[in-house]
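Hi everyone, thanks for making the time today.

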Amino acid sequence: MRDEPIDPCARIVVIGAGQAGFTACAKLRDLGHQGPITLIGEEAHPPYQRPPLSKGYLLGEITEDRLYFRPPSFYEERSIDLRLSSMASAIDRDRKVVALADGATVPYDRLILTTGARPRTLPAQIGGDLDGVFCVRNLADINAMAEHFRQDQRVLIVGGGYIGLEAAAVSAKLGLKVTVIEAAPRILQRVACPETAAYFRDLHDRKGVTLLEGAALETLQGEEGHVRSARLADGSVIPVDFVIAGVGVVPNVELAQAAGLSIDNGIAVDENCRTSDPQIYAAGDCASFPWRSGRIRLESVGNAIEQAEAVAWSLTGAPSRYDAKPWFWSDQYEVKLQIAGLSAGYDTVTTRPGAAGGVSYWYYRGEELLAVDAMNDPRVYMVAKRLIEAGRSPSAVIVGDPATDLKALLQ
Amino acid sequence: MPRISIVAKDGTVFEIQAESRTSVMENAVRNSVPGIEAECGGACACATCHVYVDDAWQEKVGPPGPMEADMLDFAYDVRPNSRLSCQIRIADALDGLVVHVPERQS
Ligand SMILES: Cc1cc2nc3c(=O)[nH]c(=O)nc-3n(C[C@H](O)[C@H](O)[C@H](O)COP(=O)(O)OP(=O)(O)OC[C@H]3O[C@@H](n4cnc5c(N)ncnc54)[C@H](O)[C@@H]3O)c2cc1C
Ligand code: FES
């Protein structure tokens with residue numbers, strides 16, 4: 001289905017003032033949309049970047065205002081009606097209005113859902129609601145845990161994914177005593193190969209982090225309501241001062257679901273980021289989209305930006321099939337990991353030693369290059385990203401040979 | 001506070017009072033300078049904050065670091081005076097700095 005450009009004076013409402021919501025509004029104005037744009041966000045802060053929350057901001061290296069995508073004046077100058085501390089509570093698709101929790105209503109001609117995702121929490125039955133148990137998604141989350149980041153405090157990090165490992169790196173850097181537990185047989189099980197997992201395990205090991213794999217949390221125990229220890233499935237007990245849960249996120253689909261939109265591991269959208277209601281679009285962490293023969297949902301800055309831009313293009317009359325070009329990065333200590341592509345479904349991994357201590361792991365399915373994890377090797381990352389985007393697959397033998405000039409492969 | 005100038009691609013000059021230790025990229029973003037996308041927010045992971053350092057300033061600003069140089073190698077229309085603006089830290093010695101925003105980011 002093709003979209004006609006909407007009336008340039010149409011009213012556009014965006015729910016969710018994060019990465020995708022901000023990008024959609026900014027891009028719509030860049031592309032010349034003249035009608036009213038309203039950006040509704042439940043948080044009190046202007047739209048801000050999340051990646052530094054588990055990196056520089058948690059370390060105390062950067063101040064809150066440095067996280068903002070743009071200063072508040074940006075929204076005024078571009079007539080983007082930014083409504084903060086404002087929660088959208090219902091969508092009336094027949095009347096085309098969004099209801100806010102404070103009772104106000106906002107009419108729309110086109111609606112964009114960029115509601116993001118929320119962290120999975122540890123169940124209350126196992127002590128997840130004790131004081132001193134935190135997750136890492138919002139500025140509010142980090143501000144709440146900041147006072148605990150003192151030397152020699154004992155932190156338990158539940159979950160060995162990228163967020164958990166970044167939190168571990170920051171904690172270790174600040175002199176805390178850090179234990180990471182991962183219920184799966186290894187860290188990064190869902191997102192990376194054993195080689196990448198081993199690389200990060202060694203790194204954390206050298207920094208003094210205790211990393212327990214195949215270690216399931218049974219309960220958190222508290223005293224006077226504050227968490228004091230964790231009991232694992234094997235019966236061991238770890239004394240703690242506080243806990244950070246990094247056990248994944250769930251997409252915020254409830255608003256869309258209640259409005260009767262199709263949901264399938266996120267708000268289901270087509271190749272133009274349109275939901276099952278042609279007047280409503282979705283982008284970012286909350287949206288699942290067609291990919292190869294299936295459907296996926298990505299949790300990354302790059303995806304949020306590109307999808308939001310695709311929506312803005314569609315609305316201003318230049319719909320192009322959204323073509324995901326997955327990329328991601330993670331910073332831990334002095335290591336920068338950069339990932340191009342999606343590794344799901346790989347069967348082999350080739351190692352390429354890099355210059356100056358860098359290394360990269362190349363994921364293949366048969367002859368097809370799917371993804372690359374590059375540790376302190378940005379050049380490899382940049383080449384791999386281009387190769388994957390162009391659908392090109394140099395042989396594993398060639399890329400594994402350190403003598404191969406990778407840039408020449410792009411010619 | 002050092003003053004810096006960022007010249008947008010349409011020639012508009014943004015004159016900015018820049019706080020020490022912030023990056024040129026952050027100052028561009030805080031002042032809504034168009035053409036600096038900064039998708040990774042300064043992590044040296046995206047190369048969408050590319051700028052050209054004005055000739056008169058090239059020596060003071062210095063060359064890119066090794067990681068930055070590798071990223072830059074793949075930016076759009078790279079020149080000898082190219083830098084990633086997130087990797088240029090403001091210091092008193094850069095009072096008066098001029099940088100130019102390229103035609104597009106990669
Ligand atoms: C700690 C952390 C580190 C990360 N590190 C990286 C990284 O290194 N690299 C990378 O690529 N990605 C990283 N990510 C992921 C990246 O930040 C997300 O993929 C991206 O922010 C998704 O953008 P979004 O707009 O979809 O959602 P968000 O940025 O989460 O924005 C959604 C917003 O919508 C609001 N909202 C939801 N429902 C409503 C409602 N009903 N009414 C009003 N407002 C509502 C939410 O409060 C939120 O502010 C990280 C994420 C976190 C949390
Ligand atoms: S902002 Fe991404 S490299 Fe500078």
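Among contacts in chain B between residues at least 6 apart in sequence, 64% join residues at least 24 apart. For chain A, 61% of the contacts with a separation of 6 or more are between residues 24 or more positions apart.

Before going on, a note on what you're looking at. This is a predicted model, in which local features need pLDDT of at least 70 and side-chain atom pairs count only at pLDDT 80 or more, while totals for chains, interfaces and linings use all residues. Residues are numbered from 1 along each chain as its sequence is written, chains are lettered from A and ligands numbered from 1 in the order in which they are written, and side-chain values use heavy atoms, with hydrogens and water left out.

Let's stay with chain B. How many helices and strands does chain B have? There are three helices and five strands, where helices (H or I, at least four residues) and strands (E, at least two) are DSSP runs numbered from the N terminus. Read from the N terminus, their order is β-β-α-β-α-α-β-β.

Next, the dimensions. The C-alpha atoms of chain B fill a box of roughly 30 × 25 × 25 Å along the principal axes. The radius of gyration is taken over C-alpha atoms, and the globule rule is 2.2 Å times the number of residues to the power 0.38. For 106 residues, a compact globule would come out near 13 Å, and chain B has 12 Å, which agrees.

Now the charges. Lys and Arg count as positive and Asp and Glu as negative, while His and the chain ends are not counted. The place of a charge is taken as NZ of Lys, CZ of Arg, CG of Asp or CD of Glu. Chain B has 9 positive and 16 negative side chains, and the centres of the two sets are 3 Å apart. In chain A the numbers are 42 positive and 52 negative, with centres 4 Å apart.

Over to chain A, then. It holds 10 helices and 26 strands. Its radius of gyration is 22 Å, close to the 22 Å that the globule rule gives for 411 residues, so chain A is as compact as a globular protein of that length. The C-alpha trace of chain A spans about 65 × 60 × 35 Å along its principal axes, and 56% of its 411 residues are buried.

Let's look inside. A nonpolar core is a set of buried Ala, Val, Leu, Ile, Met, Phe, Trp, Tyr and Cys residues joined through side-chain atoms within 4.5 Å. Which residues touch the most other members of the largest nonpolar core? Of its 56 residues, they are Trp362(A), Ile6(B), Ile36(B), Leu84(B) and Leu97(B). Helix α9 of chain A, residues 378-389, gives the most to this core, with seven residues. A second, separate core of 55 residues includes Ala26(A), Ala88(A), Ile91(A) and Ala256(A).

Please find Leu97(B) on the screen. Leaving out residues up to four places away in sequence, Leu97(B) touches Arg3(B), Ile4(B), Ser5(B), Val24(B), Val53(B), Trp57(B) and Val61(B).

Is Ser229(A) buried or exposed? Ser229(A) is buried, with a relative accessible area of 12%, and it is found in strand β14 (residues 226-232) of chain A. Beyond four places in sequence, the residues Ser229(A) touches include Thr219(A), Leu220(A) and Val237(A). Asn143(A), in helix α4 of chain A, is partly exposed at 38%.

Last, some backbone angles. Most residues other than glycine have a negative phi. Ser79(A) has a positive phi near 50 degrees and is found in the loop between α3 (72-77) and β3 (80-83) of chain A. Asp152(A) also has a positive phi, near 70 degrees, and its place is the loop between α4 (139-145) and β10 (154-158). Asp152(A) is partly exposed, with a relative accessible area of 47%.

Conventions. Contact = heavy atoms within 4.5 Å. Buried < 20%, exposed > 50% of the residue type's maximum accessible area, 1.4 Å probe, protein only.
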